[in-house]
Amino acid sequence: MSQPPSIKIESVELHSIRMEYVHPFETSFRRETHRPSILVRVNAQGLSGWGECVVGSGPWYSAETLVTARHILADYLIPRLLQTPLQSPRAAGALFRQVRGHSMAKAVLENALWDLWGQMQGVSLSRLLGGTRSEVPVGVSVGIEPTLRALEARVAEYVDAGYQRVKLKIKPGWDIAAVERIRHVWPDLQLQVDANSAYTLADLNTFKAMDGMGLLLIEQPLHHEDMVEHAELQKHLQTPICLDESIHSPHHAAWALRIQACGNINIKVGRVGGLTAALEIHDLCQEAGVPVWCGGMLETNVGRACNVALASLPNFSLPGDISASARYFYRDIARPDFTVSAHSTVAVPQAPGLGVEVSLSALRSVTEARDCYA
Ligand code: OSB
Ligand code: MG
(Lines give C-alpha, C1' and ligand atoms only; values in the text may rest on other atoms or scores of the structure.)
(Ligands and ions follow the chains in the order given, each with its own letter.)
Protein backbone atom coordinates (compact mmCIF):
# COMPACT_ATOMS: atom_id res chain seq x y z
CA MET A 1 0.00 0.00 0.00
CA SER A 2 1.29 3.47 -0.79
CA GLN A 3 1.92 5.87 2.04
CA PRO A 4 -0.48 8.86 2.22
CA PRO A 5 1.28 12.01 0.99
CA SER A 6 2.97 14.04 3.69
CA ILE A 7 3.49 17.78 3.97
CA LYS A 8 7.11 18.93 3.98
CA ILE A 9 7.15 22.70 4.21
CA GLU A 10 10.04 24.32 2.32
CA SER A 11 9.56 27.95 3.39
CA VAL A 12 7.22 30.19 5.36
CA GLU A 13 6.55 33.89 4.70
CA LEU A 14 5.10 36.39 7.17
CA HIS A 15 3.48 39.50 5.69
CA SER A 16 2.51 42.22 8.19
CA ILE A 17 -0.35 44.23 6.76
CA ARG A 18 -2.52 47.19 7.72
CA MET A 19 -5.86 47.86 6.02
CA GLU A 20 -8.36 50.68 6.46
CA TYR A 21 -11.96 49.77 7.38
CA VAL A 22 -14.86 51.11 5.34
CA HIS A 23 -16.39 52.18 8.72
CA PRO A 24 -14.54 52.51 12.05
CA PHE A 25 -15.51 49.62 14.36
CA GLU A 26 -16.13 50.24 18.07
CA THR A 27 -16.48 47.57 20.76
CA SER A 28 -16.77 47.96 24.54
CA PHE A 29 -12.98 48.04 24.66
CA ARG A 30 -11.87 50.12 21.69
CA ARG A 31 -12.66 52.08 18.50
CA GLU A 32 -10.51 51.07 15.53
CA THR A 33 -10.12 52.50 12.04
CA HIS A 34 -7.58 50.00 10.67
CA ARG A 35 -6.99 46.29 10.80
CA PRO A 36 -3.42 45.16 11.37
CA SER A 37 -2.73 41.51 10.66
CA ILE A 38 -0.15 38.94 9.69
CA LEU A 39 -0.72 36.91 6.53
CA VAL A 40 1.16 33.63 6.52
CA ARG A 41 2.17 31.73 3.39
CA VAL A 42 3.53 28.18 3.56
CA ASN A 43 5.27 26.86 0.45
CA ALA A 44 5.78 23.26 -0.68
CA GLN A 45 5.96 21.40 -4.00
CA GLY A 46 5.26 24.54 -6.01
CA LEU A 47 2.03 25.21 -4.08
CA SER A 48 1.22 27.88 -1.45
CA GLY A 49 -1.18 27.75 1.48
CA TRP A 50 -2.39 30.95 3.12
CA GLY A 51 -3.58 31.83 6.60
CA GLU A 52 -4.60 35.04 8.35
CA CYS A 53 -3.65 35.77 11.95
CA VAL A 54 -6.50 37.46 13.82
CA VAL A 55 -4.45 39.23 16.50
CA GLY A 56 -5.36 42.81 17.32
CA SER A 57 -3.08 45.81 17.53
CA GLY A 58 -2.84 45.31 21.30
CA PRO A 59 -3.89 42.87 24.05
CA TRP A 60 -7.54 44.03 24.19
CA TYR A 61 -9.62 41.11 22.92
CA SER A 62 -7.05 38.49 23.98
CA ALA A 63 -3.54 38.60 25.46
CA GLU A 64 -1.89 38.16 22.06
CA THR A 65 -0.59 41.06 19.98
CA LEU A 66 1.05 41.47 16.58
CA VAL A 67 4.45 41.46 18.25
CA THR A 68 3.86 38.34 20.36
CA ALA A 69 2.43 36.47 17.37
CA ARG A 70 5.47 37.28 15.21
CA HIS A 71 7.80 36.25 18.03
CA ILE A 72 6.05 32.92 18.67
CA LEU A 73 5.74 32.15 14.96
CA ALA A 74 9.34 33.04 14.08
CA ASP A 75 11.10 31.65 17.14
CA TYR A 76 9.05 28.56 18.07
CA LEU A 77 6.36 27.42 15.63
CA ILE A 78 7.96 27.93 12.21
CA PRO A 79 11.29 26.24 13.17
CA ARG A 80 9.32 23.17 14.35
CA LEU A 81 7.26 23.12 11.16
CA LEU A 82 10.33 23.42 8.90
CA GLN A 83 11.97 20.49 10.70
CA THR A 84 9.03 18.07 10.78
CA PRO A 85 7.05 16.57 7.87
CA LEU A 86 3.37 16.12 8.80
CA GLN A 87 0.94 13.40 7.69
CA SER A 88 -1.91 15.93 7.76
CA PRO A 89 -2.74 19.42 9.12
CA ARG A 90 -4.33 17.66 12.10
CA ALA A 91 -0.81 16.75 13.26
CA ALA A 92 0.06 20.44 13.74
CA GLY A 93 -1.62 20.48 17.16
CA ALA A 94 0.78 17.87 18.54
CA LEU A 95 3.76 19.66 16.96
CA PHE A 96 2.83 22.95 18.65
CA ARG A 97 1.58 21.51 21.96
CA GLN A 98 4.82 22.22 23.82
CA VAL A 99 4.19 25.94 23.31
CA ARG A 100 1.66 27.17 25.86
CA GLY A 101 -1.08 29.59 24.88
CA HIS A 102 -0.67 31.80 21.76
CA SER A 103 -3.71 30.29 20.05
CA MET A 104 -3.84 32.86 17.26
CA ALA A 105 -0.21 32.28 16.28
CA LYS A 106 -0.75 28.50 16.23
CA ALA A 107 -4.04 28.78 14.35
CA VAL A 108 -2.70 30.83 11.47
CA LEU A 109 0.01 28.30 10.68
CA GLU A 110 -2.35 25.31 10.97
CA ASN A 111 -4.91 27.09 8.77
CA ALA A 112 -2.30 27.74 6.07
CA LEU A 113 -1.48 24.01 6.16
CA TRP A 114 -5.16 23.15 5.60
CA ASP A 115 -5.27 25.43 2.55
CA LEU A 116 -2.13 23.77 1.17
CA TRP A 117 -3.47 20.27 1.98
CA GLY A 118 -6.73 20.97 0.18
CA GLN A 119 -4.80 22.11 -2.90
CA MET A 120 -2.57 19.01 -2.77
CA GLN A 121 -5.68 16.79 -2.72
CA GLY A 122 -7.75 18.94 -5.11
CA VAL A 123 -10.51 19.22 -2.46
CA SER A 124 -12.23 22.29 -1.00
CA LEU A 125 -11.62 23.12 2.67
CA SER A 126 -15.35 22.73 3.34
CA ARG A 127 -15.24 19.14 2.05
CA LEU A 128 -12.02 18.35 3.93
CA LEU A 129 -13.65 19.48 7.19
CA GLY A 130 -16.91 17.59 6.63
CA GLY A 131 -19.05 20.56 5.62
CA THR A 132 -22.57 19.74 4.45
CA ARG A 133 -23.83 23.07 3.06
CA SER A 134 -23.13 25.05 -0.11
CA GLU A 135 -24.28 28.32 1.46
CA VAL A 136 -24.28 29.45 5.08
CA PRO A 137 -26.62 31.80 6.97
CA VAL A 138 -24.88 35.00 8.01
CA GLY A 139 -25.40 38.24 9.90
CA VAL A 140 -23.56 41.47 10.49
CA SER A 141 -21.85 42.78 13.62
CA VAL A 142 -22.60 46.46 14.18
CA GLY A 143 -20.22 48.52 16.30
CA ILE A 144 -21.07 51.18 18.89
CA GLU A 145 -22.00 54.45 17.14
CA PRO A 146 -21.85 58.05 18.38
CA THR A 147 -25.68 58.34 18.50
CA LEU A 148 -28.77 56.12 18.30
CA ARG A 149 -29.69 57.89 15.06
CA ALA A 150 -26.33 56.90 13.54
CA LEU A 151 -26.84 53.33 14.76
CA GLU A 152 -30.28 53.15 13.14
CA ALA A 153 -28.84 54.47 9.85
CA ARG A 154 -26.08 51.87 9.91
CA VAL A 155 -28.51 49.01 10.62
CA ALA A 156 -30.82 50.28 7.82
CA GLU A 157 -27.90 50.11 5.39
CA TYR A 158 -27.24 46.48 6.34
CA VAL A 159 -30.89 45.39 6.32
CA ASP A 160 -31.17 46.88 2.81
CA ALA A 161 -28.07 44.89 1.79
CA GLY A 162 -29.83 41.60 2.71
CA TYR A 163 -28.78 40.91 6.30
CA GLN A 164 -31.57 39.33 8.32
CA ARG A 165 -29.55 38.95 11.53
CA VAL A 166 -27.87 41.87 13.29
CA LYS A 167 -25.53 41.84 16.27
CA LEU A 168 -25.25 45.04 18.28
CA LYS A 169 -22.13 45.77 20.30
CA ILE A 170 -23.12 46.93 23.79
CA LYS A 171 -21.41 48.42 26.85
CA PRO A 172 -22.72 50.09 30.03
CA GLY A 173 -24.48 53.25 28.85
CA TRP A 174 -25.06 51.81 25.34
CA ASP A 175 -27.34 48.82 25.81
CA ILE A 176 -31.07 48.83 26.60
CA ALA A 177 -31.87 52.01 24.66
CA ALA A 178 -29.90 50.80 21.62
CA VAL A 179 -31.70 47.45 21.57
CA GLU A 180 -35.11 49.12 22.10
CA ARG A 181 -34.53 51.55 19.24
CA ILE A 182 -33.57 48.83 16.73
CA ARG A 183 -36.31 46.47 17.96
CA HIS A 184 -38.88 49.26 17.56
CA VAL A 185 -37.87 49.98 13.94
CA TRP A 186 -37.45 46.28 12.93
CA PRO A 187 -39.80 44.18 15.11
CA ASP A 188 -38.98 40.93 13.23
CA LEU A 189 -35.24 41.30 12.79
CA GLN A 190 -33.09 38.50 14.25
CA LEU A 191 -31.20 40.52 16.85
CA GLN A 192 -28.42 39.68 19.31
CA VAL A 193 -25.95 41.62 21.45
CA ASP A 194 -22.23 41.32 22.28
CA ALA A 195 -20.80 42.95 25.44
CA ASN A 196 -17.17 41.85 25.02
CA SER A 197 -16.93 41.24 28.79
CA ALA A 198 -18.04 44.74 29.84
CA TYR A 199 -20.39 43.77 32.70
CA THR A 200 -20.46 42.00 36.09
CA LEU A 201 -23.14 40.09 37.97
CA ALA A 202 -24.03 43.40 39.64
CA ASP A 203 -25.61 44.35 36.27
CA LEU A 204 -28.20 41.57 36.49
CA ASN A 205 -31.09 44.04 36.09
CA THR A 206 -29.73 45.28 32.75
CA PHE A 207 -29.78 41.71 31.44
CA LYS A 208 -33.22 41.04 32.89
CA ALA A 209 -34.46 44.09 30.97
CA MET A 210 -32.93 42.78 27.74
CA ASP A 211 -34.29 39.27 28.42
CA GLY A 212 -37.74 40.37 27.23
CA MET A 213 -36.57 41.87 23.94
CA GLY A 214 -36.58 38.76 21.80
CA LEU A 215 -32.80 38.47 21.45
CA LEU A 216 -31.32 35.36 19.83
CA LEU A 217 -28.48 35.43 22.38
CA ILE A 218 -26.39 37.59 24.69
CA GLU A 219 -22.70 37.22 23.85
CA GLN A 220 -19.91 37.34 26.45
CA PRO A 221 -21.62 39.57 29.02
CA LEU A 222 -19.02 38.99 31.79
CA HIS A 223 -15.24 38.81 32.15
CA HIS A 224 -13.55 36.05 30.15
CA GLU A 225 -12.47 34.23 33.32
CA ASP A 226 -15.99 34.34 34.82
CA MET A 227 -17.14 30.88 33.69
CA VAL A 228 -18.99 30.18 36.98
CA GLU A 229 -20.53 33.66 36.99
CA HIS A 230 -21.88 33.08 33.46
CA ALA A 231 -23.55 29.88 34.72
CA GLU A 232 -25.09 31.93 37.55
CA LEU A 233 -26.32 34.64 35.17
CA GLN A 234 -27.76 32.03 32.76
CA LYS A 235 -29.99 30.70 35.58
CA HIS A 236 -31.73 34.09 35.72
CA LEU A 237 -32.25 34.49 31.96
CA GLN A 238 -34.40 32.84 29.29
CA THR A 239 -32.18 34.25 26.52
CA PRO A 240 -29.23 31.94 25.82
CA ILE A 241 -25.83 33.26 26.86
CA CYS A 242 -23.15 32.78 24.20
CA LEU A 243 -19.49 32.51 25.17
CA ASP A 244 -16.79 34.02 22.96
CA GLU A 245 -13.67 35.22 24.87
CA SER A 246 -14.10 32.57 27.60
CA ILE A 247 -13.56 29.61 25.26
CA HIS A 248 -9.89 29.18 24.32
CA SER A 249 -9.81 25.43 23.77
CA PRO A 250 -11.95 22.28 23.69
CA HIS A 251 -11.28 22.02 27.46
CA HIS A 252 -12.99 25.34 28.10
CA ALA A 253 -15.92 24.27 25.93
CA ALA A 254 -16.27 20.99 27.88
CA TRP A 255 -16.21 22.90 31.20
CA ALA A 256 -18.77 25.44 30.00
CA LEU A 257 -21.09 22.64 28.85
CA ARG A 258 -20.66 20.74 32.12
CA ILE A 259 -21.69 23.68 34.31
CA GLN A 260 -24.23 25.07 31.80
CA ALA A 261 -22.47 28.40 31.53
CA CYS A 262 -23.98 29.10 28.10
CA GLY A 263 -26.66 28.11 25.61
CA ASN A 264 -24.37 28.29 22.59
CA ILE A 265 -20.77 29.01 21.64
CA ASN A 266 -19.22 31.42 19.16
CA ILE A 267 -16.34 29.51 17.56
CA LYS A 268 -13.44 31.57 16.23
CA VAL A 269 -10.66 29.50 14.73
CA GLY A 270 -7.93 31.90 15.88
CA ARG A 271 -9.17 32.08 19.47
CA VAL A 272 -9.26 28.29 19.92
CA GLY A 273 -5.88 27.57 18.26
CA GLY A 274 -6.83 26.26 14.81
CA LEU A 275 -9.30 24.31 12.73
CA THR A 276 -8.66 20.97 14.46
CA ALA A 277 -9.63 22.46 17.85
CA ALA A 278 -12.59 24.23 16.23
CA LEU A 279 -13.83 20.88 14.86
CA GLU A 280 -13.45 19.30 18.29
CA ILE A 281 -15.55 22.04 19.91
CA HIS A 282 -18.15 21.69 17.14
CA ASP A 283 -18.41 17.94 17.86
CA LEU A 284 -18.52 18.33 21.66
CA CYS A 285 -21.34 20.86 21.37
CA GLN A 286 -23.21 18.74 18.83
CA GLU A 287 -23.14 15.74 21.22
CA ALA A 288 -24.45 18.00 24.00
CA GLY A 289 -27.24 19.38 21.77
CA VAL A 290 -25.75 22.87 21.96
CA PRO A 291 -25.65 24.90 18.72
CA VAL A 292 -22.55 26.79 17.66
CA TRP A 293 -21.94 29.63 15.23
CA CYS A 294 -18.92 31.09 13.51
CA GLY A 295 -17.56 34.35 14.88
CA GLY A 296 -15.45 36.82 12.95
CA MET A 297 -12.46 39.07 13.58
CA LEU A 298 -13.03 41.52 10.71
CA GLU A 299 -10.85 39.35 8.48
CA THR A 300 -9.80 39.79 4.87
CA ASN A 301 -11.09 37.25 2.35
CA VAL A 302 -8.33 34.82 3.43
CA GLY A 303 -9.65 34.52 6.98
CA ARG A 304 -13.24 34.75 5.80
CA ALA A 305 -12.83 31.81 3.38
CA CYS A 306 -11.66 29.71 6.32
CA ASN A 307 -14.64 30.84 8.45
CA VAL A 308 -17.15 30.12 5.68
CA ALA A 309 -15.76 26.59 5.19
CA LEU A 310 -16.02 25.92 8.92
CA ALA A 311 -19.54 27.34 9.08
CA SER A 312 -20.66 24.81 6.45
CA LEU A 313 -20.57 22.05 9.13
CA PRO A 314 -23.95 20.83 10.37
CA ASN A 315 -23.96 22.11 13.97
CA PHE A 316 -23.24 25.70 12.87
CA SER A 317 -26.96 26.27 13.07
CA LEU A 318 -27.02 29.97 14.04
CA PRO A 319 -26.04 32.71 11.53
CA GLY A 320 -22.33 33.56 11.59
CA ASP A 321 -20.54 36.92 11.90
CA ILE A 322 -19.52 36.49 8.28
CA SER A 323 -20.38 39.53 6.21
CA ALA A 324 -19.76 40.56 2.62
CA SER A 325 -16.20 41.63 1.80
CA ALA A 326 -17.49 45.14 0.98
CA ARG A 327 -18.66 45.57 4.59
CA TYR A 328 -15.05 45.55 5.79
CA PHE A 329 -12.54 46.95 3.27
CA TYR A 330 -12.45 49.05 0.11
CA ARG A 331 -10.23 46.56 -1.70
CA ASP A 332 -9.47 43.10 -0.39
CA ILE A 333 -6.15 41.32 -0.83
CA ALA A 334 -7.75 38.10 -2.12
CA ARG A 335 -10.35 37.25 -4.77
CA PRO A 336 -13.14 36.58 -5.38
CA ASP A 337 -15.06 38.80 -2.95
CA PHE A 338 -17.79 37.31 -0.75
CA THR A 339 -21.27 38.74 -1.26
CA VAL A 340 -24.42 38.35 0.82
CA SER A 341 -27.58 37.05 -0.87
CA ALA A 342 -31.05 38.55 -0.51
CA HIS A 343 -31.82 35.76 1.97
CA SER A 344 -28.82 36.54 4.21
CA THR A 345 -26.43 33.78 3.12
CA VAL A 346 -22.89 33.56 1.79
CA ALA A 347 -21.80 30.90 -0.75
CA VAL A 348 -19.20 28.34 0.34
CA PRO A 349 -16.14 28.32 -1.98
CA GLN A 350 -15.84 25.07 -3.94
CA ALA A 351 -12.33 25.42 -5.39
CA PRO A 352 -9.49 23.41 -3.77
CA GLY A 353 -8.26 24.63 -0.37
CA LEU A 354 -9.56 28.01 0.80
CA GLY A 355 -10.85 28.70 -2.72
CA VAL A 356 -9.62 32.31 -2.77
CA GLU A 357 -6.55 33.64 -4.53
CA VAL A 358 -4.28 36.22 -2.90
CA SER A 359 -3.44 39.11 -5.21
CA LEU A 360 0.26 39.70 -4.64
CA SER A 361 0.02 43.29 -5.91
CA ALA A 362 -2.91 44.08 -3.61
CA LEU A 363 -1.03 42.41 -0.74
CA ARG A 364 2.12 44.44 -1.46
CA SER A 365 0.15 47.69 -1.36
CA VAL A 366 -0.85 47.08 2.30
CA THR A 367 2.32 45.29 3.51
CA GLU A 368 4.48 47.00 6.14
CA ALA A 369 7.02 44.21 6.72
CA ARG A 370 7.86 40.84 5.22
CA ASP A 371 10.06 37.98 6.42
CA CYS A 372 10.86 34.59 4.94
CA TYR A 373 12.04 31.48 6.82
CA ALA A 374 13.45 28.42 5.07
O1 OSB B 1 -16.37 39.96 19.91
O2 OSB B 1 -17.07 39.09 18.12
C3 OSB B 1 -16.34 39.90 18.69
C4 OSB B 1 -14.41 41.95 16.08
C5 OSB B 1 -13.23 42.15 16.75
C6 OSB B 1 -13.07 41.66 18.04
C7 OSB B 1 -14.12 40.96 18.65
C8 OSB B 1 -15.31 40.74 17.97
C9 OSB B 1 -15.48 41.27 16.68
C10 OSB B 1 -16.70 41.18 15.89
C11 OSB B 1 -16.54 41.23 14.40
O12 OSB B 1 -17.81 41.15 16.38
C13 OSB B 1 -17.42 40.33 13.61
C14 OSB B 1 -17.02 40.30 12.14
O15 OSB B 1 -15.89 39.89 11.81
O16 OSB B 1 -17.83 40.69 11.31
MG1 MG C 1 -17.75 38.54 20.57
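Modeller: Let's go through the ligand site and then step back to the whole protein. A quick note before that: this is a predicted model, where local features need pLDDT of at least 70, side-chain atom pairs count only at pLDDT 80 or more, and totals for chains, interfaces and linings use all residues. Residues are numbered from 1 along each chain as its sequence is written, chains are lettered from A and ligands numbered from 1 in the order in which they are written, and side-chain values use heavy atoms, with hydrogens and water left out.

Now for ligand 1: 15 residues surround it, counting a residue if one of its heavy atoms lies within 4 Å. The closest are D194, N196, K268, L298 and Y328. Sorted by class, this shell holds five nonpolar, three polar and seven charged residues; Asp, Glu, Lys and Arg count as charged, Ala, Val, Leu, Ile, Met, Phe, Trp, Tyr, Cys and Pro as nonpolar, and the others, Gly among them, as polar.

Some of these neighbours make polar contacts (pairs of N or O atoms within 3.5 Å). A polar side-chain atom of Y328 is 2.7 Å from an oxygen atom of ligand 1. For the side chain of D194, an N or O atom lies 2.9 Å from a ligand oxygen, and for K169 the distance is 3.0 Å.

Most residues other than glycine have a negative phi. N196 sits in the loop between β7 (190-194) and α7 (204-211); helices (H or I, at least four residues) and strands (E, at least two) are DSSP runs, numbered from the N terminus.

Stepping back, the protein has 13 helices and 15 strands, and its C-alpha trace spans about 60 × 40 × 35 Å along the principal axes.

Terms used
A polar contact is a pair of N or O atoms within 3.5 Å; within protein, one must be able to donate a hydrogen and the other to accept it, and residues adjacent in sequence count only if both atoms are side-chain atoms.
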